[in-house]
Amino acid sequence: MKDFTQQLNSLRAEIDEIDSALVDLLVKRRKVTTKVGELKTQVGMPIFDATREAALIEKRRFQATEHGLSADLIEDLLRRIMRDSYVSQDESGYRCVNPSSKDIVVIGGKGQLGQVFVDLFTRSGYSVKIIDKDDWANASTIFTNASLVLVAVPIRITCQVIEELKSLPKSCILADITSIKQEPLDAMLNVHDGPVLGLHPMFGPDVTGMVKQTVIVCQGRQTEAAAWFIEQLAVWGASMYQVDATAHDEAMAMVQVMRHFSTIAYGYHLMQENADLSQLLEMSSPIYRLELVMVGRLFAQDPVLYADIIFSNKQNLVMMKRFGERFLSLLSDVEKGDKQAFVSMFEQVANWFGDYAPAFLAESKAMLQKANELKKD
């Protein structure tokens with residue numbers, strides 16, 4: 001037993017040395033990636049390079065396989081390390097795409113998402129002005145030298161705020177970052193004769209940068225005049241997806257509204273049933289735990305924000321009613337004991353998903369492994 005203990009302690013000491021060396025290597029790597037960020041800033045390159053990342057991962061997967069290691073393990077490690085690298089590069093600042101720009105005015109710049117844009121513009125060297133609810137007395141003066149006015153206020157007051165923007169400089173870009181697009185875009189086009197752009201950042205205020213984040217772009221007017229702003233978003237690391245406002249709102253009814261509403265309904269049901277959350281967590285597999293975590297995550301946030309999203313468009317109600325009707329239809333099959341109808345429906349949906357289904361299965365496996373690792377004993 002003594003010999004076993006000595007061997008075990010010796011091996012553990014060796015592992016500790018290797019782990020310590022790994023930490024030292026990661027520190028060294030982070031210093032290099034910080035220099036990469038500084039260099040990219042000088043020439044105006046975006047932080048995120050999808051081609052470079054894909055090639056790096058492919059090369060290391062091949063190397064891992066040659067040495068008998070799990071290629072998936074190495075990819076998982078690299079992606080986590082690279083995520084930290086993007087943070088270190090993000091700290092280096094950004095190139096100012098339009099150094100001749102005058103003031104950038106962020107209405108609602110003290111709000112959570114508004115602050116993200118204020119920070120990014122500031123770190124890119126722009127002159128940034130903020131208009132909050134107590135600053136409207138000086139608004140006309142602030143707007144005088146504006147090259148861009150970005151509306152970053154809650155959905156419920158977005159159009160009301162836009163109506164106050166009737167005296168912007170002709171060349172000023174007027175843009176918003178609301179999660180609905182048709183109504184605010186129409187309001188901006190109606191109030192301002194210059195360049196107009198509708199944006200929907202597909203991320204929350206908890207981000208520190210835009211690397212690998214999607215920003216939906218809905219063109220309004222004089223798109224060429226707003227090209228520098230779009231380029232600035234790319235320099236910050238964002239991926240742009242362009243779509244017209246109507247198509248955007250229809251998609252968001254499914255991507256955001258319906259999902260939020262069904263999640264809220266599920267949380268409400270759990271409360272009404274007085275479910276024992278601690279017991280549910282203990283008895284859950286990783287996928288059910290992750291689903292429960294996502295429900296709880298929503299209820300840790302601002303209820304007014306979600307109410308604004310769900311109540312923002314009457315078409316959302318139409319979509320949710322159709323969802324409710326289909327839910328009740330499936331429930332009717334269960335009530336009648338018609339398993340064949342249920343299986344037939346399942347197969348139809350699986351066929352509709354096509355190749356996405358197995359791809360999503362593979363993607364979810366990686367997510368579930370991470371979720372299980374994060375589980376606290």
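User: Why are helix H9 and helix H12 called oblique to each other?

Analyst: In this predicted model, the axes of H9 (residues 245–272) and H12 (residues 303–311) come within 9 Å and cross at roughly 125 degrees. Angles under 35 degrees count as roughly parallel, over 145 as roughly antiparallel, 65 to 115 as roughly perpendicular and the rest as oblique. H9 and H12 are therefore oblique. The axes are lines fitted to C-alpha atoms, for helices over the stretch in contact, with angles from 0 to 180 degrees between N-to-C directions. The helices themselves are DSSP runs (H or I, at least four residues; strands are E, at least two), numbered from the N terminus.

User: Happy with that! Which residues make the contact of H9 with H12?

Analyst: H9 brings Gln256, Val257, His260, Phe261 and Ile264, and H12 brings Tyr306, Ile309 and Ile310. Contact here means heavy atoms within 4.5 Å. Six of these residues are nonpolar, two are polar and none is charged. In this scheme Ala, Val, Leu, Ile, Met, Phe, Trp, Tyr, Cys and Pro are nonpolar, Asp, Glu, Lys and Arg are charged, and the others, Gly among them, are polar.

User: What makes H9 and H11 roughly perpendicular?

Analyst: The axes of H9 and H11 (residues 286–299) cross at roughly 95 degrees and come within 10 Å. That angle makes H9 and H11 roughly perpendicular to each other. On the H9 side, His260, Thr263, Ile264, Tyr266, Gly267, Tyr268 and Leu270 take part, meeting Leu292, Val295, Leu298 and Phe299 of H11. By class, this contact has eight nonpolar, three polar and no charged residues.

User: And why is H6 described as roughly parallel to H7?

Analyst: H6 (residues 155–162) and H7 (residues 182–191) pack at about 10 degrees, their axes 9 Å apart. That angle makes H6 roughly parallel to H7. Thr158, Cys159 and Ile162 of H6 touch Glu183, Pro184, Ala187, Met188 and Val191 of H7. Here the classes are six nonpolar, one polar and one charged.

User: How do you know where the domains lie?

Analyst: The domain assignment gives domain 1 (1–91), domain 2 (103–243) and domain 3 (248–374), with bounds from an automatic or database assignment. The C-alpha centres of domain 2 and domain 3 lie 32 Å apart. Their contact takes 14 residues from domain 2 and ten from domain 3.

User: What should I know about the numbering and the cut-offs?

Analyst: Residues are numbered from 1 along each chain as its sequence is written. Local features need pLDDT of at least 70 and side-chain atom pairs pLDDT 80 or more, while totals for chains, interfaces and linings use all residues, and side-chain values use heavy atoms, without hydrogens and water.
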